[in-house]
Amino acid sequence: MNHTVQTFFSPVNSGQPPNYEMLKEEHDVAMMGAPHNPAPPTSTVIHIRSETSVPDHVVWSLFNTLFMNPCCLGFIAFAYSVKSRDRKMVGDLTGAQAYASTAKCLNIWALILGILMTILLIVVPVLIFQAHQ
């Protein structure tokens, strides 16, 4: 009696012809067994940003501001260095590179002029003192 109930409700005897894909899928499931994890496989994507190091020259600019500041070049370089650091924190690497390049150029000029002024302030008084003796 139980057998007739199963055949009566089975999809094979439901009045429709058996579907080939459905029979093949049932055969494959029977051969391989039921899947252990019915959820579809998921993937994880990790974005690794290339750390492009953009030097902002803040320490060099601060040194030039405090010790060698001819024509306020050290202070202007410090301002550009801070702008470069701000651009880098926002994520604008192109703007940070532009400000850092300007700060580097100003720091080089401030250093060269500061060294020349220091040499002149030492050498000229020594030469004047030797000329008077």
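In this predicted model, helix 4 and helix 5 cross in a left-handed way. Helix 4 covers residues 73-90 and helix 5 covers residues 93-132; their axes come within 8 Å and cross at roughly 160°. Angles over 145 degrees count as roughly antiparallel, and helix 4 and helix 5 are therefore roughly antiparallel to each other.

From helix 4, the residues include Leu73, Ile76, Tyr80, Lys83 and Arg87. Their partners in helix 5 include Leu93, Tyr99, Leu106, Trp109 and Leu113. By residue type, the contact of helix 4 with helix 5 divides into 13 nonpolar, six polar and three charged residues.

The UniProt record, an unreviewed entry, places the feature "transmembrane region" at residues 58-80 and at residues 108-129.

Side chains of opposite charge can pair when their charged atoms come close. Three salt bridges are found in a search of the whole structure. One of them joins the side chains of Arg85 and Asp56, with an N to O distance of 2.7 Å. Arg85 belongs to helix 4, while Asp56 sits in the loop between helix 2 (20-32) and helix 3 (58-66), so this pair ties together parts that are 29 residues apart in sequence.

Key
Residues are numbered from 1 along each chain as its sequence is written. This is a predicted model: local features need pLDDT of at least 70, side-chain atom pairs count only at pLDDT 80 or more; totals for chains, interfaces and linings use all residues. Side-chain values use heavy atoms; hydrogens and water are left out. UniProt positions are given in the numbering used here, feature names are shortened, and annotations may be inferred rather than shown by experiment. Axes are lines fitted to C-alpha atoms, for helices over the stretch in contact, and angles run from 0 to 180 degrees between N-to-C directions. Helices (H or I, at least four residues) and strands (E, at least two) are DSSP runs, numbered from the N terminus. Angles under 35 degrees count as roughly parallel, over 145 as roughly antiparallel, 65 to 115 as roughly perpendicular and the rest as oblique. A crossing is left-handed if the near helix is turned anticlockwise from the far one by less than a right angle, and right-handed if clockwise. Contact means heavy atoms within 4.5 Å. Ala, Val, Leu, Ile, Met, Phe, Trp, Tyr, Cys and Pro count as nonpolar, Asp, Glu, Lys and Arg as charged, and the others, Gly among them, as polar. A salt bridge is a side-chain nitrogen of Lys or Arg within 4 Å of a carboxyl oxygen of Asp or Glu.
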